Amino acid sequence: MTLALVLAALLAVACVVVVALPFLRDPEPVSDTLDELDAGDRRRLELVEARDRALAALKELEFDHRTGTASDDDYRALVGPLRREAASSLQDLERDGAAHPAVGVEEKGRPTGERTS
Amino acid sequence: MAELGRAALVVSLSLSVYALVAGAAAAHLGRRRLAFSAQNALLAAFASTLVASAVLLSALLRNDFSFTYVARTTSEALPTAYTISAFWGGQEGSLLLWLLVLTGFAAAAVRLNRGWARDLIVWVVPVFGAVSTFFAFLLVAVANPFATQAAPGDGLGMTPSLQNPYMLAHPPLLYLGYVGLTVPFAFAIGALISGRTDERWLVATRRWTLVAWTALGIGQLLGAHWAYEEVGWGGYYAWDPVENAALMPWLAATAFLHSVMIQEKRGMLRVWNILLVLLAFSLSLFGTFLTRSGVVNSIHSFTQSSIGPWFLAFIGVVVTVSLALVFWRLPKLRSPTKLESVVSREAAFLYNNLLLLALCLTIFWGVVYPLLSEAVRGEAVVLGREYYDFFLRIFGLPLLLLMGIGPLIAWRRASLRSLLTTFRWPTGAAVVTGLVLLALGAGSSVPGLIAYTFAAFVITTIALEFARGTRARKALGATSWPGAFSSLISRNRRRYGGYVVHAAIVLLAIGIAGSSAFDTVAEAKLTRGQSMEIGDYRLEYRTLDERIAANATEIRAELAVSRGGRDLGTLEAGKNAYTIEEQVSNEVGIRSDPLTGEDLFVIAEQIDPDGAVYFRVFVKPLVNLIWIAGLVFLLGSLITLWPDAREQRRLVERAREIGVPATR
Amino acid sequence: MARTASPARLVIALSVAAVLAVFLLYTSIAGGGNPSLAPSELAGRSGEVQLAGLVVGPVAGDAHVGGLTFRLRDIGEKSGKAVPVRYAGSVPDLFKVGRHIVVDGRLRGGTFVAEPGSMITKCPSKYAPKQTGDPA
C-alpha cells in the first residue's frame, strides 16, 4: 500500500515538473507573447491558398483532359477561366509581397518572440 | 496497487482541467510559456493514464480478484488473450481505454502540428482538455475501475460469446475510430474560436480523420464477422442500436471525407464541413452512450446505468457550444466561390453527402424513435428490420451508382455531351450484366439485381480510370506499363487510393446483395444417418461427439457434405456449454467455397437427448466478398494515407512563404 | 457578378424535401412499427406487438415441433401475473428461465402467439458487457 502511495507521489511530482517545464527553462524570457500570425500574415496565407487552389485546379484539368474525363470541348471551355484565375491570384500575391515584405524569418527552433512588420 | 491506479486517474483529471483552463487562458492572453505548459499537460495526462492502464492490466494478468472489475470480467480458467481483452470488456475498463487513446491522440496531434500551426494549436489544446476532463471525471467519480473488495476465490468469467479472436480486435479498433474523430473536431472548434478559418485545420487533421474512419470501418466489419460466426443466426447485421451506434458516425465521417475535398479544391462548403465534423463527433459520443447506458438492454426504462445522463449532458454541451461558435463565426466562414453547375464533380460530391446524411439520419431516427415515442406516448414503438432495409436500398443504391458517376465528371462544369462519351462503356457493361443476370434468374430480387447492375457500372468506371490514367502516364514518358501504373498511383495517392476504397465498397455491396437477396434456407430434424438437401448440396448427419475443453463441454454434430455426388468433406455444428459462466453458445459450421465465394452455413439449433438434431441450413452466395472487401478497403486506405514527400515539401514551402517557422 | 443564389442551396432544399417525402410515404404505407409492451400491459391488446419480459418457467415443448411454451413476466417484478407464450422457430442459445427476452406476435385467446423466429434475448453481455450489477 505504501509502495502505491510512493509511486503515486512520484507520478504527481513528475507531472507537475513536466507542466512547469516551460517556466523552469525560461524563467526570464525576452518576450512571453505567443507567436501568432498577424493580419498581414493571414492575408498572405489566404492568397497563397487561393493561388495553390488555382494551380492545382489547372493541373487536375490537364490530367482529366489527358485521361479523357474532360472532353476537348470541356477543356477548352474551362481552361481559359482557370488560367485567368491562376494568373490573377499570382498577381495578388506579388502585389501583397511588394507592399508587405516579410522580415526576419526564424528557420530553426522556436521564434525569438520578436515579430517585426 | 489500486490506490496507484486511482491516484493516476486523479492526476489525469487534474492535468486535463489544467490543459483546459490554462490552455484557454494562454490562447486568450497570448502567453507563450503558458501555452506550452498546457500542451505539456496533455502529454503528462497521457503518461498518467498509461500508468493507470498498466495497473489495471497487471491486475488482470495476475488474476487479482481483489479488484472488483477483474473479478467481474475474468476467471482463473480464462485464456490469457481474453483476460487482456477484459480490459475493455466492461464499463470502467472501456472508459479507461477511451481516455488512454484520447490523451495519446491529443498529445500526438498537438505535438505534430504545433510548429506550423501555432496560432491554431493554442485553441485546440483547451478543446482536447475539455473532452479529456469529461472522461477523466467519469473515471474518477462515476465509473471507477479501481474499486476493491475482499478477493473471492474465482471471478465471474467472461461471456462465452466474447471469447473469440474478433472480439479481441473489434472494440479497440472501434475506439480508435470514435476517439480519432475527436481530433478533427478539436481542430475545427479551435479554428472557430481562433478565427483561423483557413484550411490549415483540414490539412492538419486529414490523416487523423482517415485513420479514424478506416479503424471504424474495419472494426464494424470485424463485428459483423463475429456476429456471423459466433452469434450464428445466419446473418451479420441486425440493425441493432448497438450496431447502428458505430455505423452512424462512420457514415457522417464518410460524408465529411468527401466534402473536405470540395473545400480544398474550391474553398466551398466551409460551414457544412464544420457541421459535419460536429455531427460525426456527436454521433460517436451518442454511439458510445447507446452501448453503455442500458438504453439498448432495457426496452422500457430510459437509462439503467447511472452513466447515461452524464453522456447526454456532455453531448448537449458539445452541440450547443459548437453551434453557438459556428453562428458567431458565420461571417468569416462565407466562401468566395459558388457551385457553378449541378452537373459537376462538386455537385456529385454534394449529392453523395446528401445521400449519406439521409441514410445516417434515417438510422438515427430508427434508433431514437422508441425512446421518443415512449417519452411522448408512454409506449415504446420499435421500428423493425424492414424500415432499415427499405431506406438502405433507397439511399444506398443511388450512392452506389454515384460512386461510378463522380469520377467521370470534371470539376466545375461538365457538358452532357462529354458525359455521354465517358459513360458509354460503363453503361454498356451494366446493361449487359443486368441482362445476363436476369437470364440466370436474378430477377427474383429486384433490389439485388439493381445492386449488381450498379456494381458492374462502378467496377467498369474504376477499371477505366486506372487504364486511362496509366496510358496517360505512359504517354508522358514512363518507361514501362507497370512503371506507369505505379507512378500513377504514387503521384495521385488520394485519387487512386480512393478508387480502391470504392472498389471495396462495390465488393461489399455485391456480397451483401448476394447473401441477403439471393440466399436459401432449409430446416430439418435429422437422426443419425439421415440426410437433408439444400440447393445442390446434400448433408448427411453422421455422428454426435462430446468433448471436454478447458472451460466448456463441446457437443458437435458431424455432417458429411456433398454436391452433385462429389464429396466435399465434413462439417461440424453444435453447442458449447460453459461451466463457470453457466451459458450455452451456438457453434455454427461454415463451409466456404473458394471458387464461388458462397457459404454453406449450418446451425444445430436443437440437440435432443436421443441424438436427434434440428438443423437450420443456409446457402449464402457471395458472402465472402464482404470480408474480402475489408481487405481491399484497408489497402485503399493505406494508399491514401501513405506519406507523400511531395505534399510535405509543398507545405514547408508554403510556411516559408508566409513567414512562419516550418519546423515540426 | 450577375450570378444569382448558388444552385447548391436549391439542390440541398430540393433534396431535403425529397427525403422527407420518401420518408412520409414509407411510414404512411408501411406503418410506424410495433409498440413494445411489458406483459402486464398486454391485456386486451389486439394487433401485432413486441413483448419484452422475463422468462418464467416451466418451459415445455419443442420449438420446432408443436411450439415451445413458457411464460413472460414484467422485467423487475418478483412476482405477479405472467403471460403464457407459445413460440415456434429458432431459439437463441441464451434463452433460459430468468433471461430478458423480446418477441413479436399477438395475443390470441389468452396466449401470446409469437411470430416464428422473432425471439431476441436481451442479455446485457450480448454485444459487449457494459452493464454493472447484472448477472452475466
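This is a predicted model: local features need pLDDT of at least 70, side-chain atom pairs count only at pLDDT 80 or more; totals for chains, interfaces and linings use all residues.
Q: What area do chain A and chain B bury between them?
A: Of the area buried between the two chains, 57% lies on carbon and sulfur atoms. On the side of chain A, the residues that lose the most area to chain B are A:Asp32, A:Leu34 and A:Arg53, which together make up 12% of what that side buries. The area that chain A and chain B bury between them is about 5400 Å².

Q: Which residue of chain B meets the side chain of A:Arg53 in a salt bridge?
A: Across the interface of chain A and chain B there are 9 salt bridges, and 14 residue pairs are in polar contact, counting those with both residues at pLDDT 80 or more. In one of the salt bridges, N and O stand 2.3 Å apart, and the partner of A:Arg53 there is B:Glu199.

Q: Which strands stand at the edges of the open sheet in chain B, and why is one side of each left without a neighbour?
A: The sheet has 4 strands in the order S2-S10-S9-S8, with antiparallel pairing. Each edge strand has a single partner strand, so one side of it is left without a neighbour in the sheet. These edge strands of chain B are S2 (520-526) and S8 (589-592).

Q: Why is S9(B) largely enclosed by the rest of the structure?
A: Strand S9 of chain B, residues 599-607, is joined to S8(B) by 4 bridges, and it pairs with S10(B) over 8 bridges, again in the antiparallel sense. A residue is called buried when its relative accessible area is under 20%. S9(B) is largely enclosed because the buried residues number 8 of its 9.

Q: Which residue in the turn between S8(B) and S9(B) has a positive phi?
A: S8(B) and S9(B) form a hairpin with 6 residues between them, and within the paired strands B:Gly589 has B:Val602 as its bridge partner, while B:Arg591 has B:Leu600. The residue in the turn with a positive phi, about 75 degrees, is B:Gly597.

Technical notes. Residues are numbered from 1 along each chain as its sequence is written. Chains are lettered from A and ligands numbered from 1 in the order in which they are written. Side-chain values use heavy atoms; hydrogens and water are left out. Two strands pair if DSSP finds at least two bridges between them. Helices (H or I, at least four residues) and strands (E, at least two) are DSSP runs, numbered from the N terminus. Buried means under 20% relative accessible area, exposed over 50%, partly exposed in between (1.4 Å probe, protein chains only). Buried area is the accessible area (1.4 Å probe) that two parts lose on being put together, summed over both. A salt bridge is a side-chain nitrogen of Lys or Arg within 4 Å of a carboxyl oxygen of Asp or Glu. A polar contact is a pair of N or O atoms within 3.5 Å; within protein, one must be able to donate a hydrogen and the other to accept it, and residues adjacent in sequence count only if both atoms are side-chain atoms.
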